[in-house]
Structure formats: C-alpha cells, structure tokens
Amino acid sequence: MTIGFVPETSSALASPASRSLEPTEWTDIGVPLLANPREVVKDLHSRHLPPPATAVVAVYDPDGRIRASASFAGRSGVVDGWERRNALLSHLRRVIPHDLRLRRPARTAVLMVCRDGAAGWTPEDGAWMWGLRDACTLHGLRCGSYVTLTADGWHVIGENRAGRTPNAASWSRARSEPPPAVANGTPAPLRHASAR
C-alpha cells in the first residue's frame, strides 16, 4: 500500500457535470428524515448565526444529539460537487474524528446552507448535495438532510418540510442582540466550530 494513494472510484472518475444531484436523485439515496427539522434548524442557526453564503455542517449521534458542528463561507456560483466535498471534508476533519473503522456508519451529517435567492433547488444546491454525500462516505458518516436557509425561511430539500423562521436575514437581528451570558455574568463567545 502506498501512502497518499487514493484508489480511483466512480466519484473520482465522474465529470464535473455529473458531480451534482437533482432532488429526485437525492430522495433515491435514502437520506434519513429529521425527527424534528424545525428544532434542528433553530439549534444550528443559534449556534452559528449564518449569514448568506455560509454553510453549516453538523454531526449527530444515533440518539439525535449533536456531536460537533462547523460553519464556513462558501464561494457562490460553484456548481461542481468536488469543491463542495473538499470544503466539507476539511471542516469535518477539524471538528470530529472519522468513523471509517465501523462496519456501518453510526453518526449522521446534516448540512444547512444559508443563501440568497429562492427556496427551490438550484444547481449550487445539487453540488452541495453531491459533496455532502461523498464527504460522508469518505468520513464514515451517514448522509443526512440538506437544508437551505433563504429569505423565505428554511426548506428541507427532497422533503415537503419547511418553515418561515429562522431565515437568511435572522443572523443580522440575532447579532445585534447582546451575546448570552453564562453563570458568572460574562458573555459567552459565539462559536463557529463546536464539539461536545
């Protein structure tokens, strides 16, 4: 075995045009449904306060508790899942060890992307979805839901579940409020990466 060698896989051989998923393809891969999407979105939003052009990736234990999360800026206009996958992998590796030793993935990764535009699927969403699926495979995770956060609210792609709040403008209102205080009265820092 050569160190640093990555065997060619179907994803490595795919053309940029195929490194994207349509909503029907996303549904066909069997993404597990979120038990309470509203609470997941509210929790991730309050942890990271994402402005538009920000992605939030979170990893959940089998019992539904969040294990780690990270937020990062994503370039707009990227429709190739390869770049999205690399960004997701980079941030997953920073906040949580891989689960590649397990026979089956136990933890699930969920991705929420805050963006401008309409709530419906876009080619950029297709790239994020492809990137999430591939990043989960390479990090030993189950591929979970993909959520968009726009001015209209949040929307779970591939499911008929959506809500009006939080939305893409909620971060500016939340950041104008004083940060929450901890027990000794000092303000708690806003976290852009967290792990429990």
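The following paragraphs lead through the structure shown above, from its overall layout to single residues.

This is a predicted model, in which local features need pLDDT of at least 70, side-chain atom pairs count only at pLDDT 80 or more, and totals for chains, interfaces and linings use all residues. Residues are numbered from 1 along each chain as its sequence is written, and side-chain values use heavy atoms, with hydrogens and water left out.

The protein has six helices and seven strands. Helices (H or I, at least four residues) and strands (E, at least two) are DSSP runs, numbered from the N terminus. In sequence order the pattern is α-α-α-β-β-α-β-α-β-β-β-α-β. The protein has 196 residues, and 44% of them count as buried. Here buried means under 20% relative accessible area, exposed means over 50%, and partly exposed lies in between, with a 1.4 Å probe and protein chains only. The exposed surface comes to about 10800 Å², of which carbon and sulfur atoms supply 55%. Such areas come from the Shrake-Rupley method with a 1.4 Å probe; for residues, only the protein chains shown count as cover. Contact means heavy atoms within 4.5 Å. Among contacts between residues at least 6 apart in sequence, 68% join residues at least 24 apart.

Next come the strands. β1 and β2 run antiparallel and are joined by seven bridges. Two strands count as paired if DSSP finds at least two bridges between them. Within this pairing, Ala55 has Phe72 of β2 as its bridge partner. The hairpin of β1 and β2 has five residues between the strands, and Gly64 there takes a positive phi near 90°. Six of the eight residues of β2 are buried, so this strand is largely enclosed by the rest of the structure.

β1 also pairs with β3, again in the antiparallel sense, over seven bridges. Ala55 stands opposite Val113 in β3. β3 in turn runs parallel to β4, and six bridges join these two strands. One of the bridge pairs is Cys114 with Leu149 in β4. Between the two strands the chain passes through α5, and this β-α-β crossover is right-handed. That term applies if, with the strands pointing away from the viewer, the path from the first strand over the helix to the second runs clockwise.

β3 is mostly covered, with seven of its seven residues buried. In a regular strand the side chains alternate between the two faces of the sheet. In β3, Thr108, Val110, Met112 and Cys114 point one way, while Ala109, Leu111 and Val113 point the other way, and all are buried.

The buried side chains lead to the cores. A nonpolar core is a set of buried Ala, Val, Leu, Ile, Met, Phe, Trp, Tyr and Cys residues joined through side-chain atoms within 4.5 Å. The largest one has 27 residues, and those with the most contacts inside it include Trp26, Val57, Leu88, Leu111, Trp128, Leu132 and Tyr146. At least two residues of this core come from each of β1 (54-60), β2 (66-73), α4 (81-95), β3 (108-114), α5 (123-139) and β4 (142-150). The most come from α5, which gives six residues. Apart from this core lies another, of 16 residues, among them Val40, Val56, Ile66 and Trp154. Leaving aside neighbours within four places in sequence, Val57 is in contact with Ala68, Ser69, Ala70, Phe72, Leu88, Leu92, Val110 and Leu111.

Charged side chains also pair up. The structure holds 11 salt bridges, each a side-chain nitrogen of Lys or Arg within 4 Å of a carboxyl oxygen of Asp or Glu. In one of them, Asp134 meets Arg85, with the closest N and O atoms 2.8 Å apart. This pair links distant parts of the chain, Asp134 in helix α5 and Arg85 in helix α4, 49 residues apart. Both Asp134 and Arg85 are buried. Asp99 and Arg107 form another salt bridge (2.6 Å, N to O), and both are buried. The salt bridge of Arg75 with Glu83 also has its closest N and O atoms 2.8 Å apart. There, Arg75 counts as exposed because its relative accessibility is 54%, whereas Glu83, at 33%, counts as partly exposed.

Leu33 lies in the loop between α2 (23-28) and α3 (37-48). With 62% relative accessibility, Leu33 counts as exposed. Leaving aside neighbours within four places in sequence, Leu33 is in contact with Glu159 and Arg161. Leu33 and Val156 are 123 residues apart along the chain, and their C-alpha atoms are separated by 9.5 Å.
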